[in-house]
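Me: Let's go through the charges and one of the helices of this protein together. Could you put the model up?

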Amino acid sequence: MRELRLVHNDDGTQPMSNMRLGHVKADYARWIRNILKTGVDTYVQCVAHPDICAYATKVGEQLGMGPERSFETANWWHIVQAQKELFTQGTDMLRVATEIARKAGCRFLAGIRMSDAHHAFGSGYPKDPLFPRFTHEHPEYRIPGPDGKPLVTLDYSRAAVRDLRLAIMREIAHEYPVDGFELDFMRFSQHFANPATLEQIDIMTEFVRQIRALLDAEARARGQGERPVLGARRPPTLAACAGIGLDPEKWARQGLIDYLNPADFLWADY
């Protein structure tokens with residue numbers, strides 16, 4: 001695997017806030033090229049939140065799409081209109097970004113949020129664009145909170161949750177020329193009821209093994225010579241990892257993961 005020296009992490013659909021309607025593709029291409037001029041060798045773009053997707057998905061839910069969706073802020077309306085403009089041109093954010101990165105010789109990884117709780121602070125479904133329809137329709141899959149009431153994040157103990165998210169990742173790896181994934185376990189660090197059990201830690205390790213296998217299978221099918229990259233953002237200590245159901249030491253020992261990015265949550269401790 002080529003060395004990772006300078007990695008740029010793009011926060012999902014937020015660049016669409018800055019695109020001029022009527023010029024979205026050109027503006028977004030310029031956005032990406034300006035970032036690549038800084039010398040980054042690996043571009044990570046968050047494309048799955050994790051069930052709401054910033055590309056033309058058939059498996060997950062496209063951000064802001066559907067007749068029942070409505071918005072309370074002009075920003076979200078603008079983001080969705082910018083995405084729709086790309087769709088009408090037969091492309092999307094992920095397609096544009098991968099094509100430019102590939103031409104520039106830059107490695108491109110699809111960023112996968114392993115959990116997301118932004119919609120906990122919104123007005124609920126359907127007005128909150130980050131509130132997944134799947135979560136709304138299946139409250140039984142939500143993680144139980146300390147008071148027994150369900151949170152807005154989904155429980156990886158449920159096979160249906162793992163199946164959906166693996167299907168989204170398989171779609172990305174099959175349909176787009178990505179060089180791998182970065183699994184973001186820091187958004188929002190809710191994968192099981194806290195603290196996780198040993199059985200749940202094993203469930204997540206097996207899930208990471210499945211992700212590794214699907215990436216490798218897609219690479220073989222494409223005749224790709226280099227092994228796809230699988231990275232993970234995780235808490236800065238192994239003790240903190242265990243509490244949220246992660247065993248990155250085992251992932252590394254067993255060759256499931258190529259790099260680990262120790263990260264804090266919502267702040268940077270330099």
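Reply: First a definition: buried means under 20% relative accessible area, exposed over 50%, and partly exposed in between (1.4 Å probe, protein chains only). This is a predicted model, where local features need pLDDT of at least 70, side-chain atom pairs count only at pLDDT 80 or more, and totals for chains, interfaces and linings use all residues. Residues are numbered from 1 along each chain as its sequence is written, and side-chain values use heavy atoms, with hydrogens and water left out.

Me: Okay, is D27 buried or exposed?

Reply: D27 has a salt bridge with R20, 2.8 Å from N to O; the term means a side-chain nitrogen of Lys or Arg within 4 Å of a carboxyl oxygen of Asp or Glu. R20 is partly exposed, as its relative accessible area is 44%. D27 sits at 7% relative accessibility, so it counts as buried.

Me: How many salt bridges does a search of the whole structure find?

Reply: Take E61 and R69, whose side chains meet at 2.7 Å, N to O. E61 is buried at 7% relative accessible area, and R69 counts as buried too, at 8%. Searching the whole structure gives a count of salt bridges of 19.

Me: How many residues apart in sequence are the parts that D179 and R102 tie together?

Reply: The side chains of D179 and R102 form a salt bridge of 3.7 Å, N to O. D179 lies in the loop between α5 (159–175) and β8 (180–184), and R102 in helix α3 (residues 93–103), so the parts they tie together are 77 residues apart in sequence. Helices here are DSSP runs (H or I, at least four residues), as are strands (E, at least two), numbered from the N terminus.

Me: How far apart are the end C-alpha atoms of α5?

Reply: The expected span of a helix is 1.5 Å times one less than its number of residues. Among the buried residues of α5 are V161, L164, I168 and I172. In an α-helix there are 3.6 residues a turn, so residues three or four places apart point the same way. With its 17 residues, α5 should span 24 Å, and this agrees with the distance between its end C-alpha atoms, 24 Å.

Me: Last one: is K37 buried or exposed?

Reply: K37 is in the loop between α1 (24–36) and β2 (42–48). Its relative accessibility is 67%, so K37 counts as exposed.
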